[in-house]
Amino acid sequence: KMSQSSVFLLMVGGQIESAEFPDFDDIYCKYCFTFGPDWLVTSGLDEGLTQVTKKSRDDRQQFVWNFPLDITFKTTNPFGWPQLIVHAYGIDAFGTDVVRGYGVTHVPITPGRHKIRIPMFVPESSSQLQKLTAWILGRRPEYVDVRVLAQGEGREVTRVRSQGFLTVSFNVVMKDMKKLGYDVIPSEMSTSVIPESVGPNSGGTTET
Amino acid sequence: MAEVHIVGQIVGASGFPDHSLFCKWGINTGGAWKALAGLREGQTQVDTPQQHDAAYWAHPIDIHYATKGLQGWPKIHFQVWHQDSFGRNELYGYGFCHVPTTPGMHEIECPTWRPSGSFKEQVSQYFLGGGPQLKNPDLIYSGADRYRLHTIAMGSVHVRLGVILRNFDKYGIEC
């Protein structure tokens with residue numbers, strides 16, 4: 001008997017939609033996907049940069065990028081499931097780029113459309129003096145390598161301040177996961193369709 | 001062997017008296033389970049939120065288990081701690097929840113509690129902070145000697161967990 005391939009594909013489409021940062025304006029985002037050693041990108045871009053946007057001059061005070069994400073992964077093992085890391089930068093009063101927030105979320109593990117609101121946080125300065133120098137020089141504390149955000153270790157010594165939210169939507173498709181014996185949806189639900197709610201009040205996380 | 005992947009994050013916590021918080025977490029399983037990859041415990045960063053009444057950690061969890069039996073299904077437990085501006089840590093709550101048994105994405109709100117002491121201890125806690133803590137943290141997820149405790153409710157921990165199961169239908173398990 002011929003040995004079967006043990007590979008499955010994960011195709012992710014979506015967008016970095018919008019954000020809320022009550023205290024800031026003129027923001028752009030850098031994003032990257034991180035994943036475990038068994039994963040490979042077969043098509044699409046695993047990092048990029050959005051446009052700079054101002055917040056809307058109305059009650060919503062929203063930043064909108066509507067920035068497309070399109071990437072396909074190949075893997076033999078769900079461990080190391082891809083995560084999206086977004087870092088938002090803004091321009092401060094002196095005209096330099098400063099970090100306004102880091103956010104991280106896993107690509108959803110179920111096929112379908114998902115909208116996720118991720119909190120954005122910045123590392124805190126360790127003292128008042130450092131805070132003052134940081135403000136004057138425009139050199140705020142930053143992560144040297146953002147990929148640490150995707151790991152669970154080493155975070156216990158960091159202090160952060162959450163100061164905004166970013167909304168990302170994902171459309172997830174898998175190929176051959178069921179063939180390899182993996183279940184990502186309960187068995188009796190595989191043929192039903194769950195309607196998604198749309199409209200002015202549909203915020204937060206939804207899934208279909 | 002059946003396998004379970006837990007992919008998600010500890011999103012944050014809300015409903016506590018103060019939101020400069022961090023969380024120590026761990027996953028506990030029975031004897032039939034073996035962790036093949038991933039960290040089974042950890043500690044989040046300390047978040048001091050700017051505006052909202054909730055702390056956000058976005059702490060990733062990615063664990064791969066292999067199992068020979070259903071007994072001892074993984075349970076995730078939390079200890080929420082408060083860190084004040086002087087760097088002192090105070091226990092704010094204990095909580096646990098079972099990892100969901102159905103494959104898919106789950107949003108879980110796990111309630112927490114903390115031991116409440118005698119009236120004198122409560123008054124001292126109000127002014128000085130601190131307060132009783134469990135000597136043995138196993139009590140967070142076991143029911144064994146709980147009847148001896150007096151506790152008070154605290155806020156909740158929000159977790160978003162994705163569960164991927166493998167080969168469970170081969171063994172006739174319906175979930």
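**Exercise 1. Identify the strands that each supply at least two residues of the lining of the largest cavity in this predicted model.**

*Solution.* Begin with the residues that line the largest cavity. From chain A these are Thr105(A), His106(A) and Ile116(A). From chain B they are Val7(B), Gly8(B), Gln9(B), Met105(B), Arg160(B), Leu161(B) and Gly162(B). Next, assign them to strands: at least two lining residues each come from strand E7 (97-106) of chain A and from strands E1 (2-14) and E10 (151-166) of chain B. By class, the lining comprises 4 nonpolar, 5 polar and 1 charged residues. The volume of this cavity is about 60 Å³, and the structure holds 2 cavities of 30 Å³ or more.

**Exercise 2. Describe the largest pocket and its lining.**

*Solution.* First, the space: the largest pocket holds about 390 Å³. Second, the lining: 21 residues surround this pocket, and those nearest its centre are Gln83(A), Ala150(A), Gln151(A), Gly152(A) and Asp62(B). Third, the main contributor: strand E6 (residues 54-67) of chain B gives the most, with 4 residues. Finally, the composition: 10 lining residues are nonpolar, 8 polar and 3 charged.

**Exercise 3. Locate Leu137(A) and decide whether Leu137(A) is buried, partly exposed or exposed.**

*Solution.* Leu137(A) lies in helix H1 (residues 128-137) of chain A. Buried requires under 20% relative accessible area and exposed requires over 50%. Leu137(A) has 47% relative accessibility and therefore counts as partly exposed. Leu137(A) also belongs to a nonpolar surface patch with Phe94(A), Leu129(A), Leu132(A), Trp135(A) and Ile136(A). Together, the residues of this patch have about 670 Å² of accessible area.

Definitions and conventions
Residues numbered from 1 in each chain as written. Chains lettered and ligands numbered in written order. Predicted model: local features only at pLDDT ≥ 70, side-chain atom pairs only at ≥ 80, totals over all residues. Heavy atoms only, no water. 1 Å grid on protein atoms, 1.4 Å probe; cavity = no way out; pocket = protein on both sides within 12 Å on 5 of 7 lines; lining within 4 Å. Points joined across faces, edges and corners; volume = space filled by probe spheres on them. Nonpolar A, V, L, I, M, F, W, Y, C, P; charged D, E, K, R; others polar. Patch = residues over 30% accessible without salt bridge, like charges linked within 9 Å, V, L, I, M, F, W, Y side chains within 5 Å. Areas by Shrake-Rupley, 256 points an atom, 1.4 Å probe, with all protein chains shown as cover. Salt bridge = Lys/Arg side-chain N within 4 Å of Asp/Glu carboxyl O. Buried < 20%, exposed > 50% of the residue type's maximum accessible area, 1.4 Å probe, protein only.
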